[in-house]
Amino acid sequence: MINNFRKVNEDLLKDWLAFREETELAFLDDEDKKHTVKFDEISEKILGTIPKQNRKFVEKQLELLNSSFLEYICYWNEKYYRNGFCDGIQLIIGCLIL
C-alpha cells in the first residue's frame, strides 16, 4: 500500500501539499528571499537585448520556459515530500511490528 502513495497523483497528500503551499510556504523569510528564481528580472534583461521584431517570439519562449520550470519544480517537490512521508510511515510501521 505504501508504494501506491509514492506515485504522484490526485490524493489526500497532494491536497495537503497544495494547502501547505497556499499557507505556510506563501510567507518567505529573508533567507528564502535570497534563493528565489528572479525570472521576471532575467526575462526583462533578455528582452532588452532583443530586436522589436523578435520580441513576441522570445517572450512566448520565456513564458514556456517559466511554465515548464515551475511544473518541473512542483513535480519534484511533491515527489520528494511524498517519498519522505512514505519513508517515515515505513519507519513507524517497522518500529511497531518489532
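Helices (H or I, at least four residues) and strands (E, at least two) are DSSP runs, numbered from the N terminus. The model is predicted: local features require pLDDT of at least 70, side-chain atom pairs count only at pLDDT 80 or more, and totals for chains, interfaces and linings use all residues. Residues are numbered from 1 along each chain as its sequence is written, and side-chain values use heavy atoms, with hydrogens and water left out.

Helix α4 spans residues 39-47. Its residues Phe39, Ser43 and Leu47 are buried (under 20% relative accessible area; exposed is over 50%, partly exposed in between; 1.4 Å probe, protein chains only). These residues cover an arc of only 60° around the axis, which puts them on the same side of α4; the arc is that of the directions from the helix axis to the C-beta atoms. The buried residues of α4 pack against α5 (52-97), where contact means heavy atoms within 4.5 Å. Glu44 and Lys45 are exposed on the face turned away from the buried side.

A salt bridge is a side-chain nitrogen of Lys or Arg within 4 Å of a carboxyl oxygen of Asp or Glu. The count by this rule is 4. One of them joins Glu41 and Lys45 at 3.9 Å, N to O. The two lie 4 residues apart in α4, so about one helical turn separates them. Glu41 is partly exposed at 45% relative accessibility, whereas Lys45 is exposed at 57%.

In α5, Arg55 and Glu59 are also 4 residues apart. Their side chains form a salt bridge at 3.6 Å, N to O. Arg55 is partly exposed at 29%, and Glu59 is partly exposed at 24%.
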